[in-house]
Amino acid sequence: MPRFRLHPLLALILLATTMEGQPAPTGRTGGARAGIDVRHYRFHLTFPRTAARDTIEFIATTTALRTGDVPALSLDLVAMMQVDSVFVNARRAPFTRPGDSVRVALPAGTGDTVRVAVHYHGVPSDGLVIRRDTSGGWTAFGDNFPDRARQWLAVVDHPADKALVTWEVVAPLGHRVVANGTRLEESPLDGSDRPMVLTRWETRSPIYPSVMVIGVAPFAVLAVGDSTCAAGDAPACVPQSVWMLPAHRAAMPGTFARAGEMVAYFASVVAPFPYEQLAHVASSTRYGGMENPTAIFYPAEAFARGGPNESTVAHEIAHQWFGDAVTERTWPDVWLSEGFATYFAALWMGHAHGESAFAAARRDMRERVLRSPATTAVPIVNDRLADLGEVLNTNVYQKAGFVLHLLRLEVGDTAFFGGIGAYFREHRHGNASSADVQRAMETAAGRPLGWFFAQWFQRPGLPELRASWRWDPARRRVVVTVAQPGSAAPYRLSLAVTVTDQSGNVSQQRVQVEAVPVTTVVLPRLADRAPAAVVFDGDVSLLGRLLP
């Protein structure tokens, strides 16, 4: 997701420090169900034949492995959705409705598979966004992030429990359905003067509830080629398509003409594309873009002008690897999704448009971080996160994205991309944590990096540097001094120093700044005269402020 809303009370999120001798509190943002591993969901939806804002009939069937002696399964589903009946292993079962959940009694047992079917109906007020379109018809789009799947789907609404999904959607003729996975069926239903169509989609890989979606609209569909052959998990090509309102057809493929190149590039630097196909969908969502596996949703209005900007498309495609195929285990590690997608979108811009475009992307990241109150309020990994309305901010997007660049500079390109690839392969179609990234990087670099991860991911704020230089004629060298004034603990980092001599020759090196108030470094290059100019951070690699 490239967009987020920064809550005005962000700076007040649980900033009290941990009492000495007490363990740090864990996040209070829910969790998966102990003793339950959901393996598959089958969602059957029947839309009304006429008005859009009318009752939708649902059957949500959960197939789960019971790994412990669990007497009941609790599924998240808001109270306003009316549950009609529940079946366990095809037999009617008792249930209760405590709060926004459905609690279903299970037969005695452990180590077995249970199948729970919840029949319910209602008009979703959130999660499934239903709107009138410009032609007087209607559209419906899933918009679940972060924990809004429960607004219309009976699920274990947490990223740590991924599952396969089958969608069966009955909608009026004239509407088409896009969803996660591969379309297996699109069949007209007989017996009505108002024809309906059954569409069935199915995933081949497990995904988490925030990204389990459908889109229902009078779509026009355009194939944009199979240019990513040999870049996917399977030997076959990765087909891509654009799903739009018919009025936007003339403006397409627009930005999506380069989508195949993007998939191929990310496949070359990370791992093969993790899914069977990729659809780019004009939609209505809260956040302005959502990286649902195989079916990325973008704001429909962008399609009238040729699609979202190139960086946004790259961001959402990068999510197919980071956030979708490898998903954060808990919400405080959401940077594993947003930070990676932000940095890899910047990498694409550099790959496609040159180093200046890559530097511009980093400069934009840094400026956003410097302006944001989140920077000093909370760290990137916010273990005190108590409100999922605050899960997204500039820390998990731009700050984390820039820190990945710092990590690359710290360990070098070979270790960085090797470590990223190893991390992805180990956790593909599963979940991961910040510690998993650290382990992969330490293995690739061959040295411990605990100081780096603690400094950049677990600490709020940024370094402030005052850098200066002087010419030492006796040693015929430039002497650089970097001070870290203020009361905050100093940072350990590197700083680019670009020296231009009197003949116009330019040289650049990185000086290591220690985590002490003042660091002095003598540059190794000899010269007969003082340089014409010395520039600090000429490569836009400082995540912090250079003070005058």
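1. Which residue in strand 23 is the bridge partner of serine 468? The partner is threonine 481. The coordinates come from a predicted model, and the points that follow should be read accordingly. Strand 22, residues 464–472, and strand 23, residues 477–483, run antiparallel and are joined by seven bridges.

2. These two strands belong to an open sheet of four, ordered 26-23-22-28, with mixed pairing. Strand 26 (518–522) and strand 28 (545–546) are the edge strands; each has a single partner strand, so one side of each lacks a neighbour in the sheet.

3. Salt bridges number 23 in the model. One of them pairs aspartate 157 with arginine 150, with 3.0 Å between the closest N and O atoms. Both aspartate 157 and arginine 150 are buried.

4. A further salt bridge connects arginine 447 to glutamate 410, again with the closest N and O atoms 3.0 Å apart. This pair links distant parts of the chain, 37 residues apart: arginine 447 lies in the loop between helix 8 (434–445) and helix 9 (450–457), whereas glutamate 410 belongs to helix 6 (residues 395–411). Arginine 447 is partly exposed, at a relative accessible area of 30%. Glutamate 410 is also partly exposed, at 24%.

5. Aspartate 436 counts as buried because its relative accessibility is 8%, under the 20% cut-off. Arginine 439, by contrast, counts as partly exposed at 47%. Elsewhere, salt bridges with shared partners join Arg33, Asp76, Arg150 and Asp157 into one network.

6. Threonine 61 is located in strand 2 (residues 56–66). Is threonine 61 buried or exposed? Its relative accessibility is 14%, so threonine 61 counts as buried. Leaving aside residues up to four places away in sequence, threonine 61 touches His40, Tyr41, Arg42, Arg115, Val116 and Ala117.

7. Helix 2 (residues 310–319) is mostly covered, with nine of its ten residues buried. Among the buried residues are Glu310, His315, Glu316 and His319, together with Val313 and Ile317. The buried residues of helix 2 pack against helix 1 (259–269), strand 18 (278–283), strand 19 (295–299), helix 3 (335–353) and helix 6.

8. The largest nonpolar core contains 164 residues, of which Phe47, Trp167, Trp335 and Phe344 touch the most other members. Helix 3 supplies the largest share of this core, with eleven residues. Phenylalanine 47 touches, among others, Ile56, Leu128, Trp138, Val169, Pro172, Met196 and Ile214, when residues up to four places away in sequence are not counted. In soluble globular proteins, nonpolar side chains generally tend to be buried together.

Methods:
Residues numbered from 1 in each chain as written. Predicted model: local features only at pLDDT ≥ 70, side-chain atom pairs only at ≥ 80, totals over all residues. Heavy atoms only, no water. Pairing = 2+ DSSP bridges. Salt bridge = Lys/Arg side-chain N within 4 Å of Asp/Glu carboxyl O. Buried < 20%, exposed > 50% of the residue type's maximum accessible area, 1.4 Å probe, protein only. Contact = heavy atoms within 4.5 Å. Core = buried A, V, L, I, M, F, W, Y, C linked by side-chain atoms within 4.5 Å.
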